[in-house]
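This report goes through selected local features of one chain. The sequence and structure come first, and the text follows.

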Amino acid sequence: FEKAGIIKSNIPVVIGEFQKEVFPVFEKIVKEKNAPLFLASENYDSNFQTDLKGTYQQNNLKTVVKTIEVLNDKGVLILEENLKKGLLNVKKNTGLLGRWQILNQQPKVLCDTGHNKEGLTYVLKQLHQEKFNKLHVVFGVVKDKDLKEILPMFPKSATYYFCKPDIPRGLEAKILQQQSIQFGLKGKVYNSVQEAYKNALKTANKEDLIFIGGSTFVVAEVL
């Protein structure tokens, strides 16, 4: 309902992802405001690619393409060749970092800023598709994170390097460790994100995989 507050009278609305629980809210508001509604996943042309590597980017890609399509219909001309070029140069043009970004090989190091249940669902699913011997997770969160919601999603077989992002909102690593133990996630506590990362690099073998995540702020400290 709060997201729908941005909807303006007679202005087209593009919904990126259909969710049956919330879609009726958008339908109700657009009807009240006489705003044309478009769903990005409908009639999608899959000939577009992006330099952002997370599988979840496919949803974002559909949203971009549909939005450009609607803009073109409204007279804002953006050529398809420019759209394709832009999508292949997102990182260069925007400076976007930390979205399924590879930082090292042997051991392979991946980081992603996904931090809520929805984002982590995509990230962890893609993580399971990676080939590795052992998984190491540099893990930190902020205080208002619903740990009971996200901790069950993480693999119990991994070794965890608990840390606190260096911001006032950061959750103490010791508290994160204690909460994680309840869900079968085990590892040591470190004084900083960098210390956790360095120990993961020191411990991991060449065939292992290191994943850095849990919070945008944790990823930022590594980058």
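Pro107 sits in the loop between strand S3 (101-104) and S4, where helices (H or I, at least four residues) and strands (E, at least two) are DSSP runs numbered from the N terminus. The model is a predicted one, in which local features need pLDDT of at least 70 and side-chain atom pairs count only at pLDDT 80 or more, while totals for chains, interfaces and linings use all residues. Residues are numbered from 1 along each chain as its sequence is written, and side-chain values use heavy atoms, with hydrogens and water left out.

The peptide bond between Gln106 and Pro107 is cis, with omega at about 0 degrees. Gln106 belongs to the loop between S3 and S4, and its phi is near 55 degrees, a positive value in a residue other than glycine. Gln106 is exposed, at 57% relative accessible area; buried means under 20% relative accessible area, exposed over 50%, and partly exposed in between (1.4 Å probe, protein chains only). Trp100, in the loop between helix H4 (90-94) and S3, also has a positive phi, near 50 degrees. Trp100 is buried, with a relative accessible area of 6%. Most residues other than glycine have a negative phi, and most peptide bonds are trans.

The structure holds five salt bridges, a salt bridge being a side-chain nitrogen of Lys or Arg within 4 Å of a carboxyl oxygen of Asp or Glu. Among them are these pairs.

| Pair | N to O distance |
|---|---|
| Glu69 and Lys66 | 3.1 Å |
| Lys84 and Glu80 | 3.2 Å |
| Lys108 and Glu130 | 3.0 Å |

Lys108 is partly exposed, with a relative accessible area of 21%.

Glu69 and Lys66 are three residues apart in helix H2 (residues 57-73), so about one helical turn separates them. Glu69 is partly exposed at 35% relative accessibility, whereas Lys66 is buried at 7%. Lys84 and Glu80 are four residues apart in helix H3 (residues 80-87), about one turn of the helix. Lys84 has a relative accessible area of 31% and is partly exposed; Glu80 is partly exposed as well, at 44%.

In helix H1, the buried residues are Phe23, Phe26, Ile29 and Val30. They lie on the same side of H1 because they cover an arc of only 130 degrees around the axis, the arc being that of the directions from the helix axis to the C-beta atoms. The face turned away from this buried side carries the exposed residues Lys28, Lys31 and Glu32.

Glu17 lies in the loop between strand S1 (13-15) and helix H1 (23-33) and is partly exposed, with a relative accessible area of 37%. Together with Glu118, Asp146 and Glu149, Glu17 forms a negative surface patch. Patches are made of residues with over 30% relative accessible area and no salt bridge, like charges being joined within 9 Å.

Tyr190 is placed in the loop between strand S7 (186-189) and helix H8 (193-203). Tyr190 is buried, at 12% relative accessible area.

Technical notes
Patch = residues over 30% accessible without salt bridge, like charges linked within 9 Å, V, L, I, M, F, W, Y side chains within 5 Å. Areas by Shrake-Rupley, 256 points an atom, 1.4 Å probe, with all protein chains shown as cover. Lys, Arg positive; Asp, Glu negative; His and termini not counted. Charge placed at Lys NZ, Arg CZ, Asp CG, Glu CD.
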